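Please examine the structure shown below before reading the explanation that accompanies it.

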Amino acid sequence: MDKQAILDSLDLVAERSPDPAPQVYARLFARHPEMEALFVRDVTGDVRGQMLAQAVEVLLDYLGPRAFAVNLLRTEVHNHDNMGVPGETFPAFYRAMAEAFEAIGGRDWTPAMTAAWQEVAEAFGEIIAAEARTV
Ligand code: HEM
């Protein structure tokens with residue numbers, strides 16, 4: 001996985017957008033309209049913001065020390081399952097992030113970034129599938 005491409009993409013987004021959350025969730029709900037209703041309790045958008053922040057932290061740890069990423073993903077699969085969100089949907093969130101970030105990055109977004117984000121969604125999908133096989 002091209003770690004530098006992911007880090008560069010996150011820098012690009014941070015430069016261009018003070019809060020990419022609305023765009024990420026707009027992409028997610030455009031592809032998965034049924035997911036919007038799940039956030040009904042999140043009237044302020046704080047939970048959505050927190051979830052995005054957590055997803056980025058997991059990614060950064062996964063690219064770096066891998067101190068907690070895999071365990072946290074596994075834990076969140078169970079937490080989300082309990083609230084009616086199947087773990088298999090997690091890659092969709094990373095794909096929504098990639099699409100929103102690409103739109104924010106505009107002409108400075110690169111094919112290497114697209115490829116690296118695709119690999120992230122696939123790698124996390126595999127971690128989650130392995131966890132699902134243990135329950
Ligand atoms: C498409 C995939 C996902 C969906 C549909 C989803 C859905 C949700 C929903 C509906 C809530 C709010 C529940 C409430 O009303 O309190 C939530 C909270 C949360 N999600 Fe997700 N989730 C997804 C992926 C992820 C991923 C990939 C992570 C982290 C790696 C994550 C981490 C969290 C955390 C930490 C919270 C709690 C935030 C807080 O209360 O401060 N979610 N998720």
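The paragraphs that follow treat the ligand site, and then several individual residues.

The model is predicted, so that local features need pLDDT of at least 70 and side-chain atom pairs count only at pLDDT 80 or more, while totals for chains, interfaces and linings use all residues. Residues are numbered from 1 along each chain as its sequence is written, and side-chain values use heavy atoms, with hydrogens and water left out.

The ligand is surrounded by 19 residues, each having a heavy atom within 4 Å of it. The closest are Arg41, Gln50, Met51, His80 and Thr89. A side-chain N or O atom of Arg41 is 2.7 Å from an oxygen atom of the ligand. A nitrogen atom of the ligand, in turn, lies 2.8 Å from a polar side-chain atom of His80.

Which helices each supply at least two residues of the shell around the ligand? They are α3 (46-63), α4 (69-82) and α5 (90-105), where helices are DSSP runs of H or I with at least four residues, numbered from the N terminus. Of the shell residues, six come from α3, which gives the most.

Attention now turns to Gln23, which is found in helix α2 (residues 21-31). Gln23 counts as partly exposed because its relative accessibility is 36%, a value between the limits for buried (under 20% relative accessible area) and exposed (over 50%), with a 1.4 Å probe and protein chains only. Residues up to four places away in sequence aside, Gln23 touches Ser17, Ala100 and Ile104, contact meaning heavy atoms within 4.5 Å.

Ser17 is placed in the loop between α1 (3-16) and α2. Its relative accessibility is 10%, and therefore Ser17 counts as buried. Besides Gln23, Ser17 touches Ile104, again not counting residues up to four places away in sequence. The side chain of Ser17 also reaches the backbone nitrogen of Asp19 at 3.3 Å.

Although Arg66 is not a glycine, it has a positive phi of about 50 degrees.

Note on methods:
A polar contact is a pair of N or O atoms within 3.5 Å; within protein, one must be able to donate a hydrogen and the other to accept it, and residues adjacent in sequence count only if both atoms are side-chain atoms.
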